[in-house]
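Biologist: Hi, I'm new to this one. Could you walk me through it?
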Amino acid sequence: MEEEEKAGPPNKDLYALLHISPEASDEEIRKAYRQWAQVYHPDKYQSPQMKDIATENFQRICEAYEILTDENKRQIYDIYGMEGLTSGLELGPKLNKADEIKEELERLRKRKEQEKTSAHFRPSGTILANMSLPHFLKGVGIMRGMAMTSEVQSQISKSNTVGIGGNLAVTGNAGGGAASAVFRHQFSSVSSVEFMASAGLRSLIGMQASRHLTLHSTATMGISMSLKDGSLNLSNAWTRQLSETTNGNIQLILGPESSVAVGWQKKEEKRSVAGEVKFSTSSFGASAHYTHRFSSKSHGRIAGKVGSTMLELELGGGRKLSKFSTVRMLYSIGIQGIFWKFELHRGGQKLIIPILISRHLNPVFAAGAFLFPTSAYFLLKKFIVKPYYQRREKQKALENMQKTSAQVREARTAAEKAQQLLQNVANRKRNRQSEIGGLVITKAIYGNQKALKKMDELSVPNDESSLSVIDVTLPLNFLVNDSGQLKLHNGVKKSGIMGFCDPCPGEPKQLYVEYTYGDKTFEVVVDDYEELLIPRPSQQV
């Protein structure tokens, strides 16, 4: 869960504190500073307790203003955050000129880029284990054959990439393999060339060149020669973006086995569809598949193939086990028989196990072969897998809460103190907006994404869910401007806003807002770094 948090944009807490955009000008920063100084200046308060709270928050505002109005400090903060200001990039005798700071930042960027390049190895591979239930029942073993492919790509410079790979296949008493190497050079952002060679069962040498013809279309041309019989293969491929979510492609191959193929792919947030029609000198075929994402962790798939040598229907689904691992189970029926297929994907590695269930297409047997694993999956998911993951997530959340409890208590106390000083102005703004039928925040909760959903389902929030959220109704009413609008900037983590805090470090967070505008009630939920602008233009009279 912490990885998800770190994967987001930089915190930009100083921008959140002053309630400004990361692209704010110096004048906007000064204006925001003056507004906050009017609220938190210690001289405005007589009570020693309130004066102490004001002093603490006024110091935070002054620090933010000092950093963001200094061009050099702001540049360092935008790239490296507060750590960059307090570590090796502090402004002192070593770095006392703007040019020197920029040079140092450029050196650090280049060093990080070099480190990334040197460690930029992309391994990928597939292990295919063919199994047969009929063979096993006859006592001749369950394995029908195995195949392995492996490739490692390395970016040796900014424009050059090298790839080395190999494959090995064994079926019965026969087998073979091959080794290959690829060198790719990027001439520019729109053109590249590849040189390839392989030795083994398919010994060949070749090259191909790619170029972006327009913003939405790409062409690739290639030539290869077999080292066994000297035959040549010429290939041409054109790819074009048909819409924001759809691509089309045409491929033409001329050689001993000439072919032409036309395909398209459509990929949306919840579903993806692809199809292809291919004609060659010896056969023809068509294939299509549809994948639907039920959630961020699970998906279903249906695919089909038809042609002169094939007829197959495939059904199944998969589930994401972790950030890098996915498991998938598929059922296929066709002229080659009835198969179960198990797949495990981790990073660039794949383990695929097709199991032949029967060569005979008996309707009863085919239905049983589909229903048995499907029923087993849903039973396992409901009674074993789902309860296990719920317990594990709950345990992780509990451990994280215990680890950060002192930090959260301190942050909550600071947020409550900051809200005390905002209360009078927030109430005045709320009353004024209420009188004119303007924007009034009636309820605002910020915190753990799952806890917010539970609180929405429960009529009375429980203690567990309340611990991982914070009520921010008051600070949001304070931030409503004179025009009756509220805007929280995109790319700025909301826990840095004055009167907010992070009630669940390391957990994904959202902000729920309930508000009235023009005698109507509205609700909105936004992610931690997402922009909030209410009322929406469509809601304004």
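Biologist: Is Tyr15 buried or exposed?
Modeller: Tyr15 is at 0% relative accessibility, so Tyr15 counts as buried (under 20% relative accessible area is buried, over 50% exposed, in between partly exposed, with a 1.4 Å probe and protein chains only). This is a predicted model, where local features need pLDDT of at least 70, side-chain atom pairs count only at pLDDT 80 or more, and totals for chains, interfaces and linings use all residues. Residues are numbered from 1 along each chain as its sequence is written, and side-chain values use heavy atoms, leaving out hydrogens and water.

Biologist: Thanks! How many aromatic pairs does the structure hold?
Modeller: Eleven. Rings of Phe, Tyr and Trp (its six-membered ring) pair if their centres lie within 6.5 Å; planes under 30 degrees apart are stacked, over 60 edge-to-face, the rest tilted. One of them is Tyr15 with Tyr77, a tilted pair at 6.2 Å centre to centre and 40° between the planes.

Biologist: And where do Tyr15 and Tyr77 sit in the chain?
Modeller: Tyr15 is in helix H2 (residues 13–18) and Tyr77 in helix H5 (residues 71–86), 62 residues apart. Helices here are DSSP runs (H or I, at least four residues), numbered from the N terminus. Tyr77 also counts as buried, at 6% relative accessibility.

Biologist: Why is the pair of Tyr33 and Tyr65 stacked?
Modeller: Their ring centres are 4.2 Å apart and the planes are at 20°, so this pair is stacked. Tyr65 is partly exposed, with a relative accessible area of 23%.

Biologist: New topic: which residues form a cluster through ring pairs?
Modeller: Trp36, Tyr40 and Phe478 do.

Definitions and conventions:
Helices (H or I, at least four residues) and strands (E, at least two) are DSSP runs, numbered from the N terminus.
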